Amino acid sequence: MANKVLHVMYDDDQKLLDAARALVAQGIRVKDVFSPFPIHGLDPIIGVKRTRLAICSFLYACTGTVLAILGTWYFMVSDWNMNIGGKPNFTWIENAPSFIPVMFEFSVFCGAHGMALTYLLRNGTLPGMPADNPDPRTTDDKFVMEITTEDNHMSVEELEAKIRATDVFELSIKNY
Amino acid sequence: MIKESKIRKPLILGHKTYGDITKDIVDPIMGETPKQWKIAFTIACIVALYGVGCLFYIIGVGIGSWGLNKTVGWAWDITNFVWWVGIGHAGTLISAVLLLFRQRWRMAINRSAEAMTIFAVIMAAIFPIIHMGRVWQAYWTLPLPNQFGSLWPNFNSALLWDVFAISTYFSVSLVFWYIGLIPDFATIRDKMVKPGWKKFYSILSFGWSGRAKHWTRFEEVSLVLAGIATPLVFSVHSIVSMDFATSIIPGWHTTIFPPYFVAGAVFSGFAMVQTLLLIMRKVMKLEAYINLRHIEYMNIVIIVTGSIVGVAYLTELFVSWYSGVEYESYAFINRFSGPLAWSYWAMMTCNVISPQLFWIKKLRTNLQFTFFMSIIVNIGMWFERFVIIVTSIHRDYLPAAWGEFKATPMDIGLFIGTIGIFFVLFLLFARYFPVLALNELKTILKVSGESYKNDNNKH
């Protein structure tokens, strides 16, 4: 049996949320949802796991701190002992207070940009990438649920009947 | 679903639907260029070109074309720098700090405030770079491997901290702004009919399709970026103030500077947001989204930060007397009674006295008055930096070294030019970019939209 994709469109986020809850309760797996804005409370219903981007950001920021410590030590202490106003840099720790601003800024720099890049790469949203939302209206005011026959051990007719029972705005079935 | 108190006035007026929000923002982008925009853009371009001309002249002949001298080594240049950086503070404050505090009213103003931030920081960066004298060697401020006997910048210097602070602030603000813009570019891409423009927005939107997982990540990234941008907002102007506070000049060498500068920056930033938004909401017909409630909240921020600035001025005066250091006392006596006393009193009137009028509800909800006040505050905050910089150094320790500062046409030309460049960038933004955060506004429509609120009240 060829895989069929059902794109179920709703005209309200609450309707989609109710429908998703009802369909998942009947054992239907919702593959994805396309919406013009984040729908709060949807993720646990359709089984989207919490993202670990915040952890990434923390690790990037820690890397930034370490690099800033290494950098200030190398530039100011190891490579060339700068003597400024009679205050030479013999050890890193004696001068650490005046390195704090740069350490802080560089940690934020790495944390923010590292996370932003990871976010774009993980999403696959990069300059020139093609968009794959099933309908142009999903970035405006419509909400689409993607359900495939492959994921669900049901016939298209059976799926359609269950979907029709919800407050559907439009339904399109495509072959893949 | 989140419900908002009935007493709170709605944030989105009228009977808007999700589709209406898209239409209100995207239609002006797709439509014909309005005549008003063309006129404003032409004027801004002329002023900007004049500024660019001055810029080339200054780089060509050197900064001797400014009115600086041996005593007054910093004047309009650094004044303009601090003024622009200060203006650049409101954007990230609105989008980061107010996001952490879950303030829904930020959603109508954050996009344009962030754009303003980015453009203002670009304008700010022009001044210290030219002030270095040899612009082509500006990269020497970065710790790059080199063959000058391996010479590194001085990490003990507040000026170098500033390089790191401003570049981090600029790049993080830019990323924060752009990540928020991606889904809105996708909305324009899907609405756009002209093929060339469709392609343009398609590239800008990075192929965003609004999948559930992507939105989860989007919200997480926004929250974390807000979390780390918040200390950044405070650090940037603290570090700018340390350029002064870590020196040994009476009038600069004070510990009050960091919080006082941050408050001043937020104060001037919000004033500039008011100036721009009051015009934008009228011209682009955004009254339903940026309404009196937003204006009033911003005016309240202006009273609070303006009062902090006022207290800081008085504290400075008191401490200069209380310290018993005669140089310190003289610096302040000279400020309010010396040859530049007019600038001190201009600053006091504009920044301390006039914002207090906003305690009166009638005035802070009056659009014309708010607009007038926002200009006054912008002028006052420019004078604040001028007073701090020039009056502190123009009378050196030895009377023989006393100097005066007179602005030359190049000082004035470059400053006016940066205002022109700023408006060129802002007008381009207003014409081709989504000026309101569409995706965020849609999330609050049911909570704070007028028609939905009334519906909820019926039940």
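**Figure 1. Burial and overall form of chain B.** Buried residues, meaning those with 20 or more other C-beta atoms within 10 Å of their own, C-beta atoms being placed from the backbone, make up 50% of the 459 residues in chain B. The model is a predicted one, in which local features need pLDDT of at least 70 and side-chain atom pairs count only at pLDDT 80 or more, whereas totals for chains, interfaces and linings use all residues. Residues are numbered from 1 along each chain as its sequence is written, and chains are lettered from A, with ligands numbered from 1, in the order in which they are written. The secondary structure of chain B comes to 17 helices and zero strands, where helices (H or I, at least four residues) and strands (E, at least two) are DSSP runs numbered from the N terminus. The C-alpha trace of chain B spans about 75 × 55 × 40 Å along its principal axes. Its radius of gyration, taken over C-alpha atoms, is 23 Å, which agrees with the value near 23 Å for a compact globule of 459 residues, the globule rule being 2.2 Å times the number of residues to the power 0.38.

Figure 2. B:F318 lies in helix α10 (residues 292-322) of chain B. With 11 other C-beta atoms within 10 Å, B:F318 is exposed, a term that applies at 12 or fewer such atoms, while residues between the exposed and buried limits are called partly exposed. B:S329 is eleven residues from B:F318 in sequence, and the two are 9.2 Å apart in space, C-alpha to C-alpha.

Figure 3. Chain A has five helices and six strands, which follow the pattern β-α-β-α-α-β-β-α-β-α-β when read along the sequence. Its C-alpha trace spans about 85 × 30 × 30 Å along the principal axes, and its radius of gyration is 26 Å, whereas a compact globule of 176 residues would have one near 16 Å. Buried residues make up 39% of the 176 residues in chain A. Within chain A, confidence is highest in helix α3 (residues 53-78), at a mean of 92, and lowest in strand β4 (residues 87-88), at 68. Where pLDDT is low, the predicted coordinates should not be read in detail.

**Figure 4. The open sheet of chain A.** Four strands of chain A form an open sheet in the order β2-β5-β1-β6, and the pairing is antiparallel; two strands pair if DSSP finds at least two bridges between them. Because β2 (32-34) and β6 (170-175) of chain A stand at the edges, each with a single partner strand, one side of each is left without a neighbour in the sheet. The twist averages 20° from one strand to the next, with angles running from 0 to 180 degrees between N-to-C directions and axes being lines fitted to C-alpha atoms, for helices over the stretch in contact. β2(A) and strand β5 (residues 143-148) of chain A pair over three bridges; A:V33 stands opposite A:M145 in β5(A), and the bridge partner of A:D32 in β5(A) is A:E146. β1(A) and β5(A) pair over six bridges, and A:L6 has A:I147 in β5(A) as its bridge partner.

**Figure 5. Helices packed on the sheet of chain A.** Helix α1 (residues 13-25) of chain A lies across β1 (4-10), β2 and β5 of chain A, running at about 25° to β5(A). Helix α5 (residues 156-164) of chain A packs on the sheet, touching β1, β5 and β6 of chain A, and its direction makes about 10° with that of β1(A).

Figure 6. A:S35 is placed in the loop between β2 and α2 (42-46) of chain A, and A:S35 is buried, with 26 other C-beta atoms within 10 Å. Leaving aside neighbours within four places in sequence, A:S35 is in contact (C-beta atoms, placed from the backbone, within 7 Å) with A:D13, A:T138, A:F143, B:G210 and B:W215. The C-alpha atoms of A:S35 and A:T138 are separated by 5.3 Å, although these residues are 103 residues apart along the chain. Between the chains, 52 residues of chain B are in contact with 56 residues of chain A. The largest share of the side of chain B that touches chain A, 16 residues, comes from α8(B).

Terms used. Contact = placed C-beta atoms within 7 Å. pLDDT = per-residue confidence, 0-100.
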